[in-house]
Amino acid sequence: MLRFFRILTILTIFALALPLQLIAKEQFTIIIDPGHGGGDYGTPHRKCKQDEKTIALNVALKLGKLIEKNYSDVKVVYTRKTDKYPSLPERTQIAKKNKGDLFISIHVNACPTPSVRGFETYIFGTEGSDSGKRRVEERLVEERENLDISGKRVNFDTDIDIETKILCQAQREKHNKQSQEIAQAVHKNLIASLKKTSYAKNVVSRGVKAKNLFVLCYSPMPAILVELGYMSNVAEERFINTDEAQSTFANALYQGFKEYKRKWDKRQLSNQDNAKPDQQKDNVKPADQDKPMPSDQSTNDTPKQQATGNVVWKIQFLTSSKLLNEGSPEFKGLSPVSYYKEGDLYKYTYGSAPTSRGLNTELKKVTALFPGAFPVKFDANGNRIKN
């Protein structure tokens, strides 16, 4: 009997010591995207031998090997593993097809001013993208990374399928928060790792920034793009071309991934613990369900799913701390409008359809007035469903 309890104690200690990634049942998929490739050299070399496309691929393969070696529960998918060129829409489709949980795009920068150097990490965002006050190097990133192999700017409206567009718009709020999380983790580790190299005295952190980059906009998952340095700077190009640099970059990205993955595992476990069969994941109370706007007039935008028992999709276009009346100027002419409440915020919706595809025409109309609008869905009780 004593032996039995000893064995039980050992097994219990072992189980408690298991890393979180072994406890979480769901497999994690990371999409690693080495920029450019094939006939698209990216930033060409100046004094050294390797162009941007080669450096990006070298770092990507090193990163993938580190993850594969240490995480049996992680699937690594590359947008390219050789010197070939996938278009920007093809890269996002690879991410979508493989149902990625994280997208990391790897690049090297350039600028007409040779003194500019440093690394930066990007998440998706459009705020300030039209500002004339932005530095020239920041504008160049947006221009360079949105070009196809012919040098033509990729079209955000026509070069992606509507299903992916709707999916990304619907989940952008959630993904941007987690994109910021992985961006900060990666950037912090890049700073720490580079300061231990022979290039330590020249290291410049240019921060985490938001940019309207195609692969970040249309990869339906948390996504970042890392610019590892400036090839247009002679000293930085020389360093970036070394194995020391490329191994350091890969290890820093890996350390950032480790931090993010651990938080992801905790969220999975928390979701499993909190999940109840009769309760939606977002825990929106029935009192906060989608409602018609206060008005003397009747509205047709009521939650019809209560009668049919079906999921209904609507377009969320505005969030406010106060309850607005039907016809308010803040709606820019949209009518009829409904709302639902989360916490202290009122979230306003327009349109109604049984599927997200059914909102295609109305979505174009709404995004013309509110560029950040996105589809949301509600259950049979009028509660929002968050995927």
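In this predicted model, helix α6 (residues 162–194) spans only 41 Å between its end C-alpha atoms, whereas a straight helix of 33 residues would span 48 Å at 1.5 Å a residue; the expected span is 1.5 Å times one less than the number of residues. Helices (H or I, at least four residues) and strands (E, at least two) are DSSP runs, numbered from the N terminus. At Arg172, α6 bends by about 65 degrees, the bend being the angle between axes fitted to the seven residues ending there and the seven starting there. Residues are numbered from 1 along each chain as its sequence is written. Local features need pLDDT of at least 70, side-chain atom pairs count only at pLDDT 80 or more, and totals for chains, interfaces and linings use all residues, while side-chain values use heavy atoms, without hydrogens and water.

Helix α4 (residues 88–97) has Leu88, Pro89, Arg91, Thr92, Ala95 and Lys96 as its buried residues (under 20% relative accessible area; exposed is over 50%, partly exposed in between; 1.4 Å probe, protein chains only). Viewed down the axis of α4, these residues fall within an arc of 160 degrees and so line one face of the helix; the arc is that of the directions from the helix axis to the C-beta atoms. They pack against β1 (28–34), β3 (102–109), α6 and α7 (214–217), with contact meaning heavy atoms within 4.5 Å. Just after α4, Lys99 has a positive phi of about 50 degrees.

The whole structure contains 0 disulfides (pairs of cysteine sulfur atoms within 2.5 Å). For Cys217, the nearest cysteine sulfur, that of Cys168, is 6.6 Å away. Cys217 is buried at 5% relative accessibility.
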